[in-house]
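Try each one yourself before reading its solution.

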Amino acid sequence: MSETLITDELSNSKVAAVFANADAARDAARDVAAALSLDAAQVKVISPTEPNPGRKLEPESGGIWRTIVTAHVKLGILGAVAGLVVFAVMYGMGIRYITSSPVAAALVLLFFGAVGGLFLGGLVSLRPDHDPYVLAAREAMDSGRTTVVVHAFTAAQADEAAEYLRGQGGEVTSTL
């Protein structure tokens, strides 16, 4: 159900809304689920005493591993193809270093393109866009506040959830 071809998680977009008290958070969680027709698994409430907040923040551990593999494979191949395209363009331009040793040049550009793609795969796997989302929930727990987490299946669904929860008085943080 992922919107992207690079990740392999059901929910790429996540929203965290911090509320001052547990009652307001539970009400907002119930209301956002009803208003947006979200499944119960998509909306979670994280209290300050939650024993395993990581499971509610990032419940797709299997999806994360599939994302790591998928991102590296697909972006590594894409990088290799990009390296060969660069080779073809440079060869077509008649660049002497390329035309004098085309096999070596093609292999070098293929290699560097593949490595560049693998680096991008690593960046996608790290999911740096999730840091503010996770930190907002952790800081809320530390300060005794309650967080509503929405695991949206589309970016549009995440935007709708963020807007709704903001309207309910939540301090909203979203992933990309």
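**Exercise 1. In what order do the elements of the chain run from the N terminus on?**

Before we start: this is a predicted model, where local features need pLDDT of at least 70, side-chain atom pairs count only at pLDDT 80 or more, and totals for chains, interfaces and linings use all residues. Residues are numbered from 1 along each chain as its sequence is written, and side-chain values use heavy atoms, with hydrogens and water left out.

Step 1: get the elements. Helices (H or I, at least four residues) and strands (E, at least two) are DSSP runs, numbered from the N terminus. The chain has 7 helices and 4 strands.

Step 2: read off the order, which is β-α-β-α-α-α-α-α-β-α-β.

Step 3: check the overall spread. The radius of gyration (over C-alpha atoms) is 22 Å, well over the 16 Å that the globule rule gives for 176 residues, so the chain is more spread out than a compact globule. That rule is 2.2 Å times the number of residues to the power 0.38. Along its principal axes, the C-alpha trace spans about 75 × 30 × 25 Å.

**Exercise 2. Work out how strand S1 is paired and how enclosed it is.**

Step 1: find the partners. Two strands pair if DSSP finds at least two bridges between them. S1 (residues 13–19) is joined to S3 (residues 146–152) by 7 bridges, running antiparallel. With S4 (residues 171–174), S1 pairs over 4 bridges, also in the antiparallel sense.

Step 2: Val15 has Val150 as its partner in S3, and Ala16 has Thr173 in S4.

Step 3: check burial. Buried means under 20% relative accessible area, exposed over 50%, and partly exposed in between (1.4 Å probe, protein chains only). In S1, 7 of the 7 residues are buried, so the strand is largely enclosed by the rest of the structure. Ser13, Val15, Ala17 and Phe19 point one way, while Lys14, Ala16 and Val18 point the other way. For the chain, buried residues make up 38% of the 176.

**Exercise 3. Which residues does Gly170 touch, not counting residues up to four places away in sequence?**

Step 1: locate Gly170, which sits in the loop between H7 and S4. Gly170 is buried, at 8% relative accessible area.

Step 2: list the contacts (heavy atoms within 4.5 Å). Gly170 touches Ala17, Val18, Phe19 and Leu165.

Step 3: Thr99 is 71 residues from Gly170 in sequence and 61 Å away in space, C-alpha to C-alpha.

Step 4: turn to the chain's contacts. Among those between residues at least 6 apart in sequence, 80% join residues at least 24 apart.

**Exercise 4. Describe the nonpolar patch on the surface.**

Step 1: set the rule. Patches are made of residues with over 30% relative accessible area and no salt bridge; like charges are joined within 9 Å, and nonpolar side chains (Val, Leu, Ile, Met, Phe, Trp, Tyr) within 5 Å.

Step 2: collect the members: Val69, Val73, Ile77, Val81, Val85, Val89 and Met93, with about 640 Å² of accessible area together. Areas come from the Shrake-Rupley method with a 1.4 Å probe, and for residues only the protein chains shown count as cover.

Step 3: inspect two members. Val85 lies in helix H3 (residues 61–92) and is partly exposed at 46%.

Notes: Salt bridge = Lys/Arg side-chain N within 4 Å of Asp/Glu carboxyl O.
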